[in-house]
Amino acid sequence: SVSTVASGANQTVGADGTFSFFNDLTVGGYLARTETPNVSGKSSSYLARAEYQPDQYGLVLEQLQVGAHFNPEVGFLRRTDFTRSYGEARFSPRPRHWKGVRQVVSTANVEYIENGAGRLESRQVNGRFQIDRENSDQLSIEGGPNYEYLSKPFAVAPGVTIPVGGYAFTDATVRYNFGQQRRVSGNVSVQAGQIGRAHV
């Protein structure tokens, strides 16, 4: 294709794959590279993902990297020059002696994003505890501490601008979902949180 950032043609090459083992283990990812005239260095991207998901336990590990000059020219690239690392662990037993309870699901995950210079841009830590009832209702509690770095001032309203810097915030949500077998279904939730400057 004709490059939109330089004269001449842009080329993209890559390979991807997904492999399943023992019904519960999946490993996959991709490796891609672009060639743009007069642009060199940091022009590759990769994703590596491993997922182990039997019924009672679960583990997901993932890393995604996009170079500063990776330029696929197809319009689907929302962010460049970053590395995203993600991990999630799950424990989900089916208790026999909890009347009316089908499954209890506990998960914990963390997402960590750094820019190409190694600066932390985003960190999200989340824990979730969920009870699935036999009647399809669900009760869940989730929340955790998070961090975001603003590299540019952010105008949220006329005359109100959040300055450059790091910000820490926490939130927690309690939610009850009424199953669709009821005449009236839906959910009720309560959320609370706070935000402040962070020294990171």
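Y57 is partly exposed, with 45% relative accessible area. This value, like the others here, comes from a predicted model.

Y57 takes part in an aromatic pair with F91. The pair is one of 2 aromatic pairs in the structure. Y57 belongs to strand β4 (residues 57–66) and F91 to strand β5 (residues 82–91), so the contact ties together parts that are 34 residues apart in sequence. F91 is also partly exposed, at 38% relative accessibility.

Arginine side chains lie over the faces of two other rings, F82 and Y149. The table gives the distances.

| Arginine | Ring | Distance from the ring centre |
|---|---|---|
| R79 | F82 | 5.4 Å |
| R119 | Y149 | 3.9 Å |

The remaining part of this report concerns strand pairing. Strand β7 (residues 120–133) runs antiparallel to strand β8 (residues 138–150), and 9 bridges join them. Within this pairing, R128 has E142 in β8 as its bridge partner. β7 and β8 make up a hairpin with 4 residues between the strands. In the turn, S136 has a positive phi of about 80°.

β8 pairs with strand β11 (residues 165–178) as well, again in the antiparallel sense, over 13 bridges. Here I141 stands opposite V174 in β11. Strand β8 therefore has pairing partners in both β7 and β11, each counted as such because DSSP finds at least two bridges between the strands.

Technical notes
Residues numbered from 1 in each chain as written. Predicted model: local features only at pLDDT ≥ 70, side-chain atom pairs only at ≥ 80, totals over all residues. Heavy atoms only, no water. Phe/Tyr/Trp six-rings, centres within 6.5 Å; stacked < 30°, edge-to-face > 60°. Helix = DSSP H or I, 4+ residues; strand = E, 2+ residues; numbered from the N terminus. Buried < 20%, exposed > 50% of the residue type's maximum accessible area, 1.4 Å probe, protein only. Lys NZ or Arg CZ within 6 Å of the ring centre and 35° of its normal.
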